[in-house]
Each structure stands twice: as C-alpha cells, then as structure tokens.
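Let us read this structure feature by feature.

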Amino acid sequence: MTTATITALRKLPGLAKTAVLSGAFVLYLSPATELLSPASHAEDGGTLYNTAVDIRMGNRYFERQCSRCHGFDAKGNDETGAPDLTGTLRRASSDAGIFNIIREGIPGTAMLPVAADVPDPTVWQLVAYINSLRYDPASVDLAGNAGSGADPFGGKGECSSCHMVNGQGGRLGPDLSRVGENQTPEDLLQSMLDPDAAVAPRWWTIQVAGRDGEVREGFRMNEDSFSLRIMDADANLWSFQKRDIESYERSEQSTMPGYGQALSDGELDDLVAYLFSLRREVLPQ
Amino acid sequence: MKKITNPFPPALAAAFLGVSFLVSAPLQAQEDPFSTVITPAFSPITWERLVNADDEPENWLMYSGTLDSQRYSLLDQINVDNVDQLEMKWAYQIPVIDRAETVPLVVDGIMFITEAPSNVVAVDALTGRQYWRYDHDMPDDLRICCGRNNRGVAILGETLFMSTLDAHLVAIDARTGNLLWDKEVAPHDSGYSKTAAPLIVKDKVVTGIAGGEFGIRGFIDAYDPETGELEWRTYVIPGPGEFGNDTWSGDSWKTGGAATWITGSYDEELNQIYWGTGNPGPDWNGDVRLGDNLYSDSVVALDGDTGEIEWHFQFTPHDVHDYDSIQIPILADIEFEGRERKVMMWANRNGFYYTLDRTDGEFLIGKPYAAQTWAQGLDPVTGRPIRVPGMAPTYEGIMVSPPIVGATNWYSPGYSQDTGLFYVTSFDGEQEFFKRDEDYEEGERFTGGGGRYTQPMDAYHSSIRAINPGTAEIEWEFPIMPRSSAGITTTAGGIVFTGSADGYFFALDAQSGEELWNISLGRRVHAAPMTFAVDGHQYVTIASGNVVYTFGLRN
C-alpha cells in the first residue's frame with residue numbers, strides 16, 4: 001500500500017511542563033476578565049500562585065483529587081467522560097473560569113465542586129498546574145523555517161498526497177490543518193522519524209479474509225464488537241459482519257514511511273516548523 | 001425531601017382549568033409533595049416469595065433475580081431458535097443525563113427503575129409509561145469517587161428500599177412513590193455514599209456502603225423494614241481486640257476502606273449472607289497499612305440473623321492495586337471432583353477465578369481467567385496468591401495487569417443451570433500504577449496514587465468468557481470491544497444476554513458462545529439485563545446510555 005499516515009494526535013504535556021519549570025517559555029495566561037460568568041466570585045489570583053512550587057503543589061493535589069476521572073496525566077478518560085485538560089479547555093478560557101469550575105463544579109455532571117473548606121490558594125495552585133499543561137506557541141523557538149516547510153510538504157515529501165491541509169490534499173492520513181494545536185514540535189518530529197510510535201486507532205489497518213477466500217486490506221474506519229468497516233488504498237469502503245468472515249488481522253503500525261532518510265535534517269526542521277504553524281486562526285477580539 | 005409525583009403539572013392543569021387556578025396550584029404542589037397516583041394492585045412480596053423467586057419467573061424480584069444471584073431465568077419463550085426475532089417494544093428515556101446502571105425490578109407488570117443520582121420511577125412494564133416517580137433530595141456536597149450511579153431497589157411487602165448517593169437508605173411506598181422513611185446510614189461529608197441495591201434477608205434490609213477512596217471503614221448493615229431502625233452493623237474491618245485487627249499496622253484500620261458497595265447473596269439452608277468487600281485504603285500505597293488488611297478484598301459469610309462473621313476468604317491480601325472483591329457471589333450446588341458441593345463461584349477483579357465451598361469458605365480451585373502479571377499463581381491448598389515480587393506501584397510508575405478497573409468489576413456475572421457454566425465480562429488490560437504519599441483528611445480522597453493507560457482502549461482485548469466451575473477452565477470466549485461494564489443474564493431458553501461498551505445489546509448461545517442476535521443501542525451498556533413476562537409474553541430489558549429498552553418477540 002502506498003498510503004501514508006502520521007502518528008496519533010497525542011497531547012503530551014511533557015514539553016510544556018519542562019518549559020514552565022525551566023523558565024524557557026512564558027506561561028500562557030489569558031486575562032482574567034475574559035468571559036467571567038456573572039455568577040463567578042473568583043478574582044484573578046493566578047498570577048499570585050504560579051511559581052514552580054505552586055505548580056508542583058497543584059500537581060500533587062490534582063493527582064489526589066482529580067486523577068481518578070481526569071487521569072494521572074490529566075489527559076481525560078473516555079469511560080468516565082472526563083475531558084482532557086492538557087489542550088484547549090472548553091468550559092473555561094481564563095484562570096478565573098478554571099477556578100470557578102473547580103470551586104463550584106459543573107451542575108448535572110460528574111464534575112463535583114471541591115470541598116468548601118479547601119482554601120482558595122489550593123484551588124489557585126490547581127489552576128496553575130492546569131495552566132502548566134499548556135504553553136504559548138509564540139514563545140517556542142524553532143530551528144526550521146515554517147515558510148520553507150511548505151515545500152517538502154507539497155513536494156519532495158509528498159505529504160499532501162495523503163494529508164489534507166485547509167481542504168487541499170489526500171484522505172489517507174489525518175487532516176493536519178490544526179496539527180500544531182495538539183502536538184509539540186518534539187511530537188511532530190517523532191511522528192516523522194518513527195511513525196509507528198503511536199498510531200491512533202482510526203489509522204490502524206485491518207486485513208479481512210472473507211469466506212470466499214478473498215483477502216481485503218484497508219484503514220480501520222470502524223471496528224466494533226460485531227462489525228468492521230475498512231477503506232482500501234483506492235478509497236473503496238467495505239463493510240463486514242464479523243460473524244460472516246473467515247478471520248481478520250489488525251495492524252497497529254502506521255502506513256506512513258519514516259522520513260529520517262528521505263529528508264535532510266534541515267528539511268525536517270522546516271517541516272516541523274511548518275506543521276507547528278498549522279493552527280486555527282485567532283479571531284480578532 | 002423533594003418529590004415530583006404529580007403527572008399533571010400545575011401549569012398544564014391551569015391551562016385547562018382557567019387562569020384563576022394558576023395562583024394556588026403551584027403553591028399547593030410545593031407545600032404538599034404527597035402523591036395521589038396509585039399503581040394497579042400487585043400482590044405484596046413476602047419473604048417466602050423472595051426465597052422461591054424462581055417459582056415466579058414472570059417477576060424479577062431482586063437485583064440479581066434470585067437470592068443465589070445466578071441471574072438465571074426459567075423463562076424460555078425467547079430461546080436460541082427465535083431470539084433473532086426480538087424487536088424493541090418500548091424505551092423509557094431517563095430525564096437525568098448521566099449513565100444508567102439500573103437493573104429494574106418487575107412485580108406483576110409494574111417495573112421499578114432507578115435513575116441517577118438517586119431517583120426511582122414506577123412504569124407500566126408493557127408500555128414504559130410512568131405511574132409515579134420519587135426524586136431524592138440531594139445535598140450539594142457529595143463525596144463520590146466514580147459518577148452518580150444507582151443500581152436498583154429491593155422490595156418487601158409493598159415497600160421499595162433504595163440506597164442514595166448521600167449515604168441514606170430510604171423506604172418508598174411501591175404503590176405511590178411516597179417516602180415512608182429516610183435513614184442516614186453514614187455521614188456523606190466524611191466520604192460515605194451508597195449506590196447498590198439492598199438485599200432483603202427475612203425481615204431485614206441488608207445493605208452495604210461505598211466510599212473506599214475516602215478512607216472510610218466499611219460495614220454491612222441490617223435495618224428494620226418498618227421503622228428504618230438499625231438492627232445490626234458488622235464492620236468488615238475488625239476493631240481493636242477483634243480477630244484480624246492486627247492485620248493493620250498502627251491505626252490504619254480506622255481509615256482502611258473495604259467498602260461493601262455491591263449487593264450480596266443469601267443461602268436460606270445455611271442461613272448465611274455472602275458479601276464482597278472492596279479495596280483497602282489508601283488504594284495504591286500499602287506502606288501505611290502493613291499486614292493482610294482483613295477483611296478487605298474478601299468475601300465474608302455472615303449469620304443471617306445476627307450479622308456475625310462466620311467465615312471469610314481473602315482473595316487479595318494486602319492489595320496495592322485496587323482489586324476490590326466487589327463481585328456478586330453466585331451460589332449453586334454442583335458436582336465437584338465427583339462430589340456434590342455447595343459452592344460459590346467468583347471471578348475476581350484481580351484476574352483469578354475461584355470456586356469456594358460456601359459452607360465454610362474452603363478453597364476448591366482457582367486459576368487466572370484474564371491477563372494478570374502480579375501473581376505467579378494461587379496456593380493450591382489455601383488459594384492465597386503467590387505474588388510476583390516488585391509489582392507494587394512505584395513513584396515512577398510500573399506496568400501491571402489487570403489495570404485498576406480490573407479483569408472484571410462490579411458488573412454482574414451469570415450462571416446457567418442448563419450448561420453448568422459461569423459467565424463473566426472480562427478485560428485483558430494493563431496500566432501504569434503510581435504510588436503517592438498522602439495523609440488522611442476526613443472527606444478528602446485517600447488513594448495514595450493512581451494509574452495511567454499507555455495505549456488507546458481499542459488496543460486491549462475484552463470478552464465474555466464462559467468458565468467451568470469444576471475445572472476453572474475457560475470453555476469459550478466471545479470477543480467484544482472495547483472494555484465492557486455490562487452484566488450478564490442467562491435463561492432457560494439457552495441464552496446469555498449481555499451488552500457492550502460500544503452500545504450493543506446481544507444474545508449468545510449459552511452452550512457454544514455463538515452469536516445469536518445483536519442490536520446497536522447507540523450508547524454504552526453499563527447495566528445488567530433482566531427478563532420478565534406479562535400476560536404470558538416474555539420480555540427482556542436493558543439500560544444503555546440514559547435509556548431503558550424493553551424487547552419482545554414480534555407478534
């Protein structure tokens with residue numbers, strides 16, 4: 001199969017954490033006045049509790065009180081419905097917003113408020129920890145040039161034959177229009193050097209042996225307890241009931257080749273810079 | 001107490017009766033929560049009827065169907081030959097958006113469904129239409145580990161008994177939904193909560209407690225059904241001077257967890273109540289509670305009258321992986337090594353299946369039934385696990401199987417009297433376990449660590465497994481995906497009914513494991529199916545997402 005894919009959209013907070021603790025990057029703190037709900041009582045205390053010690057204290061409190069649902073790595077849990085807290089937060093866009101959610105909970109959901117006797121500074125430390133899971137992309141200094149990276153993407157690397165960016169490109173790999181929002185430059189580089197490191201289930205492949213002896217292979221568009229749906233290299237869709245097939249084999253490997261040999265270090269750097277620049281345009285306030 | 005039982009909302013009534021009524025009607029509704037709606041008559045549920053529940057398979061009279069918790073129904077109208085003709089008869093949409101873990105009861109055509117957080121509704125089992133509802137008034141400072149769940153009610157006479165998330169036990173008139181009494185079992189703001197259906201034993205309501213992640217001290221209680229008075233309390237962590245207290249270092253027994261958060265079983269002949277117990281606390285840091293930590297991760301057998309512990313069997317001594325023994329004990333009399341034995345079948349969260357003699361807790365046989373890396377095996381005489389060294393959680397994290405959610409968990413297993421097989425929803429997963437140092441603070445989580453998956457859930461193997469209780473060998477398995485938290489019900493029609501996390505409700509051949517029928521209900525099945533009959537027609541009911549579905553054969 002000539003199709004290609006990149007690794008899963010992992011949201012490793014590792015780089016962000018290092019960044020905050022080493023002071024290499026600036027903490028990304030939105031103005032507290034933004035989107036304050038009328039019922040909120042929080043004031044902007046975030047700037048008072050964002051030292052490395054506060055973040056560590058917040059991390060400790062998080063592991064104890066929050067990790068059961070949100071995960072020890074704050075990346076959420078589909079089974080409990082607890083969201084990933086390492087990317088863009090849907091319910092809060094400011095420190096005060098995060099504070100209020102922790103303080104008051106979200107009515108009608110499993111998100112309960114913290115106990116009333118937990119002091120405000122502890123909640124602010126938690127806010128600081130959650131903020132430490134993100135960083136300002138503008139502060140990241142990259143070796144490559146984003147403008148030059150568009151060349152290997154469309155040309156030598158043939159990335160666009162499989163990947164879509166802003167509506168242009170193939171459908172045999174993830175749409176990369178906003179890949180910079182969810183992946184660190186380190187993640188992006190690793191994806192190109194070692195595509196098999198982490199592949200999202202949607203981009204696994206399945207080989208199905210039918211009762212007629214025919215073997216078909218393609219992307220795992222969907223697999224559930226009873227059925228399979230695959231898309232072959234020619235973009236044909238095939239559906240199967242598991243009970244009607246002879247057998248099937250699943251591969252969790254990527255279909256994308258590694259680019260460590262095909263591209264020079266400089267080209268890879270440029271490509272990383274280009275991909276990292278792919279994010280949603282910030283709408284004017 | 002807050003109740004909304006009027007099926008004719010005041011505003012609507014006002015629209016019919018004229019504007020002048022609008023002023024007084026809402027006031028009246030607020031002042032007087034008394035329900036005037038009455039269900040059709042049903043015959044009161046006596047203890048004798050509960051003991052002989054399998055004599056009336058048209059009714060589903062308790063959480064696990066019968067006191068032996070086999071979840072085996074004698075109904076066979078729906079069977080291996082016609083189950084593929086099932087069609088949906090009705091759906092009841094739960095108004096609270098959460099997840100339904102309820103197993104409804106059916107008494108003479110009336111169905112009682114519990115809802116998150118702790119409500120109950122009575123509906124017509126033929127149509128799903130509501131007779132009445134009870135909404136429990138809930139404080140806003142709950143301490144719950146894992147969601148707003150309620151799993152069902154118990155019935156005795158004409159009274160329903162329900163656990164509530166604020167750690168109360170309530171008695172509700174099954175005819176009207178009116179509250180009869182409301183008893184605080186334990187203080188909710190200290191971390192206690194209640195989610196499981198109670199178990200009726202003779203003239204008492206027996207019930208456990210949740211809160212194992214908050215440093216509680218677990219117990220099993222019995223209440224007077226008339227008055228709500230506590231008849232006895234048996235702590236499953238022994239106090240000073242009692243047998244087993246020395247299996248806890250220092251004062252750790254006071255905050256040792258061992259929550260009793262699922263329903264138990266009862267053997268009338270032996271007059272023993274069997275109940276599983278949860279993890280010791282803090283879950284993942286055993287340094288502060290050295291010793292075996294009795295009776296955490298155990299099954300305890302209690303005297304049916306006094307609640308005294310007659311025997312115990314600890315599946316996981318000094319657990320550091322959160323392997324609660326919160327599984328429902330399945331009781332049956334089977335031939336074991338050529339001899340008729342009264343056994344208890346148990347697939348544990350720790351990855352091992354056990355057959356015990358329930359008269360005295362003797363270990364008969366046990367083997368792994370799912371992926372596990374923490375034990376080399378079980379001692380062939382005592383059944384005690386032989387640990388793999390170095391598998392306790394660390395500060396840096398260590399990969400162990402089963403993961404925290406376990407090889408199975410609270411969801412009901414099943415047993416078929418026809419095949420003699422035991423059926424369990426199982427998971428072959430793994431997780432990185434972390435240890436942390438924490439001091440106990442009342443009402444705060446007290447877990448000492450946590451866990452992390454390193455792969456997407458689809459990468460792990462899940463299945464329904466059929467185990468031979470005589471050999472502890474797996475007879476067949478049916479793969480599903482991803483990890484399921486659905487319970488299992490078997491029938492004399494030769495069927496195993498269960499559900500999956502990807503929203504299927506399905507039927508397997510109990511003998512062969514072959515797929516017979518499935519339907520996608522669109523949302524995770526978090527509950528066990530139950531089956532009943534009205535007017536000679538058999539139905540099967542399952543909750544998926546926020547909906548309770550009832551299926552029957554095409555007319």
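Q: What should I know about the model and its numbering?
A: The model is predicted: local features need pLDDT of at least 70, side-chain atom pairs count only at pLDDT 80 or more, and totals for chains, interfaces and linings use all residues. Residues are numbered from 1 along each chain as its sequence is written, while chains are lettered from A and ligands numbered from 1 in the order in which they are written.

Q: What is the phi of B:Asp108, and where does this residue lie?
A: B:Asp108 is not a glycine, yet its phi is positive, about 45°. The residue is in the loop between strand E3 (105-107) and strand E4 (110-115) of chain B. With 16 other C-beta atoms within 10 Å, B:Asp108 is partly exposed.

Q: How many helices and strands does chain B have?
A: Chain B has 3 helices and 38 strands. Buried residues make up 58% of its 555 residues. The C-alpha atoms fill a box of roughly 75 × 55 × 45 Å along the principal axes.

Q: What does the radius of gyration of chain B agree with?
A: The radius is taken over C-alpha atoms, and the globule rule is 2.2 Å times the number of residues to the power 0.38. For 555 residues, a compact globule would have a radius near 24 Å; chain B has 23 Å, which agrees.

Q: How many residues of chain B are in contact with chain A?
A: Two residues are in contact if their C-beta atoms, placed from the backbone, lie within 7 Å. 29 residues of chain B are in contact with 22 residues of chain A. On the chain B side, the largest share, 3 residues, comes from E29(B).

Q: At what angle do H2 (residues 52-65) and H5 (residues 120-132) of chain A pack?
A: Axes are lines fitted to C-alpha atoms, for helices over the stretch in contact, and angles run from 0 to 180 degrees between N-to-C directions. The two helices pack at about 95°, with their axes 7 Å apart. Angles under 35 degrees count as roughly parallel, over 145 as roughly antiparallel, 65 to 115 as roughly perpendicular and the rest as oblique. H2(A) and H5(A) are therefore roughly perpendicular to each other.

Q: What is the mean pLDDT of chain A?
A: pLDDT is the predictor's confidence in each residue, from 0 to 100. Chain A has a mean of 81, and 82% of its residues reach 70 or more. Over residues 1-40 of chain A the pLDDT is below 50. Where pLDDT is low, the predicted coordinates should not be read in detail.

Key:
Helix = DSSP H or I, 4+ residues; strand = E, 2+ residues; numbered from the N terminus. Buried ≥ 20, exposed ≤ 12 C-beta atoms within 10 Å, placed from the backbone.
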